[in-house]
Amino acid sequence: MRIFTWNINGIRAAVKKGFLEWFKETNPDILCLQETKAQFNQLDDSVTNINGYKSYWFSAERKGYSSVATFTKFKPVEVLNGFGKKEFDSEGRVIFTEFNEFVLANVYFPNGGRGPERLKYKLDFYDELFFYINKNYKSRKGIIITGDFNTAHNEIDLAKPQQWSKVSGFLNEERAWIERIINLGYVDVFRVLNPDVQKFTYWDQISRARQRNEGWRIDYFMVSEDIAGKVTFAEIHDTITGSDHCPVSINIEIN
């Protein structure tokens, strides 16, 4: 099974840049999108009803903001938008698709870069999400958490670790949460399979950082330890354009 994740930075803009052609050519089994920035009724049927896929959408109450979508060839046992906390669910940040062998959480984690209140919001979101996942899923099936985590873990995961050490996305308290996720029993499968590879998934558009490859690895697949060994391949597709992020994928042996 091939699962992709991609912060698309606006689905309508991405369609104009060739997203649908990329999707059909890539042919993933499951595709998780973050920052779709659209309400379902704003989208054409050619986007929401792609042949061979079911699509599930969770939009922020605020138009043109946040929002996530999951496309899957396999019918889920259950689909859940959000996790029952109004202050987080109003921003349309997570879709759970539960299958027989695992549950997939497609997540757009908050950005903490707009002051202390948003940093607290981001860290509170981490707390609430992982409490919910561990309470409701971890004892009964494998878990895959993917999306834009908005945090780089270690110095290898960004181009300028010293210069950016005081920037949200690489603050000590944010990095500590990535460490905490790992200590909770999740595996950063790209890093485990590629321990010395420096690749990035996000580049600042304003400074044209992609041209210099001055980026951040902030898009992950965190897989629970019980099924992490079934991940045979993990890749960052950094030649794919169309967003300020690039797609990330895993191959996982699921029956």
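Colleague: At what angle do helix H5 and helix H6 pack?

Modeller: In this predicted model, helix H5 (residues 116-136) packs against helix H6 (residues 172-183) at about 10°, with the axes 11 Å apart. Axes are lines fitted to C-alpha atoms, for helices over the stretch in contact, and angles run from 0 to 180 degrees between N-to-C directions. H5 is therefore roughly parallel to H6 (angles under 35 degrees).

Colleague: Which residues make the contact?

Modeller: Among them are Leu-119, Tyr-126 and Phe-130 of H5 and Trp-177, Ile-178 and Ile-181 of H6; contact means heavy atoms within 4.5 Å.

Colleague: New topic. Where is Glu-98?

Modeller: Glu-98 lies in strand E6, residues 94-98. Helices (H or I, at least four residues) and strands (E, at least two) are DSSP runs, numbered from the N terminus.

Colleague: Buried or exposed?

Modeller: Glu-98 counts as buried because its relative accessibility is 6% (the cut-off is under 20% relative accessible area, with a 1.4 Å probe and protein chains only).

Colleague: And which residues is Glu-98 in contact with?

Modeller: Leaving aside neighbours within four places in sequence, Glu-98 is in contact with residues including Pro-76, Val-103, Tyr-137 and Arg-140.

Colleague: What about numbering and cut-offs?

Modeller: Residues are numbered from 1 along each chain as its sequence is written. Local features need pLDDT of at least 70 and side-chain atom pairs pLDDT 80 or more, while totals for chains, interfaces and linings use all residues, and side-chain values use heavy atoms, without hydrogens and water.

Colleague: Last one: where does Ser-55 stand?

Modeller: Ser-55 is opposite Phe-71 in E4.

Methods: Buried < 20%, exposed > 50% of the residue type's maximum accessible area, 1.4 Å probe, protein only. Parallel < 35°, antiparallel > 145°, perpendicular 65-115°, else oblique. Pairing = 2+ DSSP bridges.
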